Amino acid sequence: MMVTIALGVVVIAIVLLSIDRIPTEVSSLAIVVLLVLSGLLTPREALSGFSNETVVFIFALLALTQGLSATGVMQLVGRRLLFFARFSPRAFIVMLLAAVCAFSSVASNTAVTAAFLPVATASSAQAKVASRRLLMPLAFSSMLGGTIFLFGTSTNLVVSSALEQWGLGRIGFTELTPVGLPLAIIGISVTLLLMRWLLPPREGDPVAGAPPLREYVTEAVLTPGSRLVGKPLRQLTEGLGVPVRGVVREGVMRPPAPQELLEPQEHLIIAGSLDDILRVKDLRSIGLSADLRIPEDSRQAHALTEVSVPPTSALAGRSLGDIRFAQRYGLVAMAIHRHPTLQGSHQHLNLMGSLAGGDALKNIPLSVGDLLLVGGPEQRIRELAREEELTVLGSVEYQRPRYRRALLAVLIFAGTVVVAGLRITSPAIAGLAGLLLMVATGCVDTRSVFRVDWRVIIMIGALLALGLAVEKSGAGEFMARAVLPLAGVVGPRGVLCVIMLATVLLSIPMSNQAAALVMLPVAIHSAMDMGLDPRAFALGTCLAASCSFLTPLEPSAALVYGPGRYRFVDFLRVGTPLTALMLVLLTFAVPFVWPFTRS
């Protein structure tokens, strides 16, 4: 009876976690309640997952990744990678994917994908690589990177915790590396080949190097004492990825020549995406002309927002200078976007043409439909929302990266990983200490550090309780006996392959962590019933959970689904053969590294 109830709760858990309309955290809490009401666990046992050391460490690791993001570590690395675009687009792609994989080996792969996504999107135009060719491999690289070290993904951590409860010992920090590292290298290489063979360019896809759909134009200037003075323009455009469209000298805009040497306080015309414009705000040697007029000590208090010029506005046909925008609204207009169709149909409305003719950006007449990026006190922006002349579209999330603390953030993160990996103290305590150090040293503020995905934390706590219920009720042993007859037909490797395949398929409706925890008891009991070492089956299950590339439902893949303009079938085309190859490799590699029989 208890086995039947436990299997019923497992089925209900799969269904609940598969329904998109029900939030993950709600489904997770419902599972905890079911475990108690069904009599499978006591309240103390059902809630024990939330106080588990692994859950606390996963939270700390996600928070530490926020510190790396807030100090611009990943953005700095992404911009440096543009150096390789000088050699070939392929060199840039390989180095970008290698960097993503390396970061994902010790940090949350979802967080790494989120941090590198704007960098990759902005850099793709500079490197002349279509974003569709870049973003899916980026997501897959982050997923494969999680298989290299213990801290690469929360799946590894929850399986490690479960193994300790089984008396099999935790997973070592580098124990997965002999299989995970070759798996990542082969997986990334095969992904790039499959992208070329199975995902040809589609009609309507953006051309590599084409301007972004919403291109803002702004004026920038080299700051006093800029290290770019005397350097060729190429160092700015290629080295830092700044999309310069013209150099203004003596009131005349000249085309950007890569070899041209930059002069002190050089004025430049920049045209790029909103991310490009905001990125220029982060650089020390160059800044937006409008932004530099704001006192340094008050820039942090300024908010950013996008506003449009409605058809009824009296500002249409008048320039920012004519209406004395800054004095009238108490805000600074930093950049302007005009629809490409409008610019193409009327020569006098072409922004770049007007700038080439000698007009300054503030002297160009506004047109209906223009978008302005404006900054200033939040109170002034709220007052602007009541104006009829301009329509406030919404705030722009922006926080200046704390580049000066980037090295400190890396040292704190690396120190935390080393202390936790060597078990000098409890990983949970090491993680919390690292988090507090990040806050105390100013690497990240208290608001940002807690912007972690709490849904993942709640779900893992609930699933640890579910795994306990499966083991306590004997359901894991029951399912293992159902698999056991396969051993006589396909042998131990075949049984391992079937269990890993089931884990991959379960990870489609569920999360990777959930699939691993559901299949772990089956894997361990199957090995024990065959008289084999259960560690090989357990770690095979753990690695297989991170090798499901069939759909864009995995968080890292979901992040690139929209920006890459992919279709669901695109992931099936590339992900199916890649997943099949990973399972074949695991079937042979896992027993080689962790033999089925103890010596």
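Modeller: Let's start with α8 and α10, which are roughly antiparallel to each other (an angle over 145 degrees; under 35 is roughly parallel, 65 to 115 roughly perpendicular, the rest oblique). This is a predicted model, where local features need pLDDT of at least 70 and side-chain atom pairs pLDDT 80 or more, while totals for chains, interfaces and linings use all residues. Residues are numbered from 1 along each chain as its sequence is written, and side-chain values use heavy atoms, leaving out hydrogens and water.

Colleague: At what angle do α8 and α10 pack, and how far apart are their axes?

Modeller: Two packed helices are described by the angle between their axes and the distance between those axes. Here, helix α8 (residues 131-145) and helix α10 (residues 177-198) pack at about 160°, with axes 10 Å apart. Helices are DSSP runs (H or I) of at least four residues, numbered from the N terminus.

Colleague: Which residues make the contact?

Modeller: Contact means heavy atoms within 4.5 Å. From α8 the residues include Met-136, Phe-140 and Leu-144, and from α10 they include Leu-183, Ile-188 and Met-195. The residues of this contact divide into 9 nonpolar, 3 polar and 3 charged.

Colleague: How many disulfides does the structure hold?

Modeller: A disulfide is a pair of cysteine sulfur atoms within 2.5 Å, and the structure holds 0. Cys-542 is in no disulfide; its nearest cysteine sulfur, that of Cys-547, is 9.7 Å away.

Colleague: Is Cys-542 buried or exposed?

Modeller: Cys-542 counts as buried because its relative accessibility is 0% (buried is under 20%, exposed over 50%, partly exposed in between, with a 1.4 Å probe and protein chains only). Cys-547, at 0% relative accessibility, counts as buried too.

Key
Axes are lines fitted to C-alpha atoms, for helices over the stretch in contact, and angles run from 0 to 180 degrees between N-to-C directions. Helices (H or I, at least four residues) and strands (E, at least two) are DSSP runs, numbered from the N terminus. Ala, Val, Leu, Ile, Met, Phe, Trp, Tyr, Cys and Pro count as nonpolar, Asp, Glu, Lys and Arg as charged, and the others, Gly among them, as polar.
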